[in-house]
Amino acid sequence: MSDKILIVEDEVRIVRTLRLYLEQAGFAVTAVHTGSEAIPAFRQERPSLVLLDLNLPGQDGLDVCRSLRRLGDVPIIMLTARTEEMDRLIGLELGADDYISKPFSPREVVARVRAVLRRTQGQLNHNQTLQAGVLQIDLAAYRAWAAGRLLDLTQTEFELLATLMRHKGHVMSRAQLLEAVQGVAFEELERAIDQHIKNVRRKLKEAVGDVAIINTIYGVGYRLDEVELPHA
Ligand code: CA
């Protein structure tokens, strides 16, 4: 199966060239032209790597990079015409895996994509499952289990549970959870998190009974604790 590459780039000419070269190299390619389309496209396509332009209309590449990082370990290569060392540092600090300055040769991009995939794919396989007590998540397959029972979660509920599991033992505020789920936090939407948490709890209860896996920390947020089931 060929690796899928998501290109986030507003310059149509660059997208066309990259698509051509990447497809010739055997990759499947999806492209979006604005930052705000990036996260929905990422969720839908589950690409193996993201080629992300730094300078995008609307939500810029740095915001998109931060949001992608919160969602997982997908390798990110930043593309940028800004050549200052500072930008390079920011890109790498944000968790981008590599950085290519414009103008670039498309052959170079293909070579860097291959190199980053080779380097990250070993690690990635280890990071694609999360475990916390009775809970298990397969990020690649988008599936979650409680005590071996598959949970029927919506996309938002899945992202919430995955976020809490990544930070197990730590309290996450509603704003942090909302940001992780939507890529952006709005105060007026924070209450919506409570309803999603309620749904996840109900589904966990159906699977493993009434155990305190997701705990409310009043005035702060939620914390997921590792819970083992008592032996029957
Ligand atoms: Ca651009």
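This is a predicted model: local features need pLDDT of at least 70, side-chain atom pairs count only at pLDDT 80 or more; totals for chains, interfaces and linings use all residues.
Close-up 1. Asp10 sits in the loop between β1 (4-8) and α1 (12-24), and Asp53 sits in strand β3 (residues 49-53), so the pair ties together parts that are 43 residues apart in sequence.

**Close-up 2. The open sheet β6-β7-β8-β9.** This view shows an open sheet of 4 strands, arranged in the order β6-β7-β8-β9 and paired in the antiparallel sense. Its edge strands are β6 (129-132) and β9 (149-150), each of which pairs on one side only. Within the sheet, strand β7 (residues 135-138) and strand β8 (residues 143-146) run antiparallel and are joined by 4 bridges, and Asp138 has Arg143 in β8 as its bridge partner. Helix α6 packs on the sheet, where it touches β6, β7 and β8, and the direction of α6 makes about 115° with that of β7. Helix α8, for its part, lies across β7, β8 and β9 and runs at about 50° to β8.

**Close-up 3. The crossing of helices α6 and α8.** Two packed helices are described by the angle between their axes and by the distance between those axes. The axes of helix α6 (residues 155-166) and helix α8 (residues 190-208) come within 10 Å and cross at roughly 85°, which means that α6 is roughly perpendicular to α8. On the α6 side, the contact is made by Thr156, Glu157, Leu160, Leu161 and Leu164, and these meet Ile193, His196, Ile197, Asn199, Val200 and Lys203 in α8. Sorted by class, the contact of α6 with α8 has 6 nonpolar, 3 polar and 2 charged residues.

**Close-up 4. The hairpin of β11 and β12.** Strand β11 (residues 214-217) pairs with strand β12 (residues 221-224) in the antiparallel sense, over 4 bridges. Among the residues that pair across the two strands is Ile214, whose bridge partner in β12 is Leu224. Together β11 and β12 form a hairpin with 3 residues between them, and in the turn Gly219 has a positive phi of about 80°.

Methods:
Residues are numbered from 1 along each chain as its sequence is written. Side-chain values use heavy atoms; hydrogens and water are left out. Axes are lines fitted to C-alpha atoms, for helices over the stretch in contact, and angles run from 0 to 180 degrees between N-to-C directions. Angles under 35 degrees count as roughly parallel, over 145 as roughly antiparallel, 65 to 115 as roughly perpendicular and the rest as oblique. Contact means heavy atoms within 4.5 Å. Ala, Val, Leu, Ile, Met, Phe, Trp, Tyr, Cys and Pro count as nonpolar, Asp, Glu, Lys and Arg as charged, and the others, Gly among them, as polar. Two strands pair if DSSP finds at least two bridges between them.
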